[in-house]
Amino acid sequence: MNWRTNLAENKKNFIKKRWFVVIFLSILILLGTLVPLPYYIEMPGSTENVSNMIQVEKMPVVDKGSLNLTTVSVMQATGASLIYAAATNFTDVYSKKDMMGDQSDNDYNRMNKFYMESAQNVAIYSAFKLANKPFSLNYKGVYVLNVLPKSTFKNVLQIADTVVGADGKTFNSSQELMAYIKSLKIGDNISIQYTNDKGEKKSSEGKTIKLQDGKAGIGITLVDHTDITSTPAVKIDAGDIGGPSAGMMFTLELYSQLMGKDLTQGRNIAGTGTIEVDGKVGRIGGIDKKVATASQSGASIFLAPDDEITPEMKKYDKHIESNYQEALAAAKKLKTKMKIVPVKTVEEAISYLEKN
C-alpha cells in the first residue's frame, strides 16, 4: 500500500469520524431540546387587558387606557431550557414537588381552575358591594380540595369536584352537609352526589371513616362552592389563565364599568393580587416576573399587594419580604420608569387611581 492509498484511507476514516461526531452532537442537542426533565421553569408571562375578559350587561367599557392582569409562564424543563434559565433574569427552576406538592398534573390544573373561578366570584361580590349594586350569593355545594388516603372515596372524588348532596339529601350550606355526615356512625354506608369539572352529575357509594375529632366523616378537605347572581349580569372569560392572582384587577375593571368611571385616565395600568370578601388584597407568587412583563408591555403603574409579613412567616423564611418590597426590587433591577404602588385593599387602589 503506497502513501497515496494511505492518504485516501485516512481521509475516508476522518470523514466517517466527523459524521459520527456530528450525528452524536445532533442527538445530544435533540435530547436536550425535546426530552422533558422533572423540573419546571417559571418565567415572565403576559400582560392582558381585563376589559377584554369582562362583560357587564348593558354597561360599556369606559377605560381610555387599560387595566391589565399579569401572568407567570410555567414550562416543563429540558436540558436546553435549563441552560437558558440559568443565563436569564427573572427565571426560577423548581422541582415538581416544589411546584405541585403531591398533586398530579391534572389535579394541579384543576386546582388552578378552581382558584380562578373563586377569584372571579369574589371580584364580582366585592365590586358590586363597593358600587352598591344588587347581588346575591348562591350556595352550590362544596369544592373538594383534598381527599385523605384512608377515605373510601379516594380515587373517586377528585380535586375541584363539587359535592352537592349526601344520601339523596341536599343542603343549604357546608355546615349542614358536615352536620349530617357527623350524625352518622363510623363505618355507615353513605352515597355522595357530586358534579365533576365537566359539569357531569355523579353518585358514588362509600363508608364513613373516623376523623381526628372522633366523629364520622368522608375524609375530604372542602370549601364552599358559591356563585353570584347580580343585576346587571356579569360574564368573565379568562381563557386558559388559572390561579387567584387576578382578583384585584377583575374587581377594579368591574367597578369601573358598574360606576361608569375611567380609573385609567388614559394610562396602561398593570397589577396583581388576590381579592378577599372584605376587599383585602392578598399576596401572590412570582411578582418579580409579573413586574417584568408589565414593564415590557409599557405599563406606567404597577399595583402590588402590600401584604403583612408575620413573625410566623419570618420564622419559616427569614429572608421573606412583602410583595411590594419584591416588586420594588424587581423594578430597580429592570431600571424601569414604571411606578410601583403598594395597595392593602381594593379601596386603596381605587382611591389612588382616582386621585393620581
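1. Leaving aside neighbours within four places in sequence, Y194 is in contact with V156, L157, D161, T162, V163, V164, E200, K201, K202, S203 and S204, where contact means heavy atoms within 4.5 Å. Y194 lies in strand β8, residues 189–195, with helices (H or I, at least four residues) and strands (E, at least two) taken as DSSP runs numbered from the N terminus. The residue is buried, at a relative accessible area of 6%; buried stands for under 20% relative accessible area, exposed for over 50%, and partly exposed for in between, with a 1.4 Å probe and protein chains only.

2. This is a predicted model, in which local features need pLDDT of at least 70 and side-chain atom pairs count only at pLDDT 80 or more, while totals for chains, interfaces and linings use all residues. Residues are numbered from 1 along each chain as its sequence is written, and side-chain values use heavy atoms, with hydrogens and water left out.

3. The side chains of Y194 and S204 are joined by a polar contact of 3.3 Å, that is, a pair of N or O atoms within 3.5 Å, of which, within protein, one must be able to donate a hydrogen and the other to accept it, residues adjacent in sequence counting only if both atoms are side-chain atoms. These two residues are 10 apart in sequence, and their C-alpha atoms are 8.4 Å apart in space.

4. Strand β1 (residues 39–49) runs antiparallel to β4 and is joined to it by four bridges, and the bridge partner of E42 in β4 is D92.

5. The largest nonpolar core has 39 residues, of which M248, M249, F250, L252, L254, L303 and L353 touch the most other members; such a core is a set of buried Ala, Val, Leu, Ile, Met, Phe, Trp, Tyr and Cys residues joined through side-chain atoms within 4.5 Å. Among the elements that give two or more residues to this core are α6 (247–259), β17 and α10, whereas the largest share, eight residues, comes from α4. Not counting residues up to four places away in sequence, L252 touches L67, L263, L303, V346, A349, I350 and L353.

6. A second, separate core of 17 residues includes V144, I190, I192 and I220.

Methods
Two strands pair if DSSP finds at least two bridges between them.
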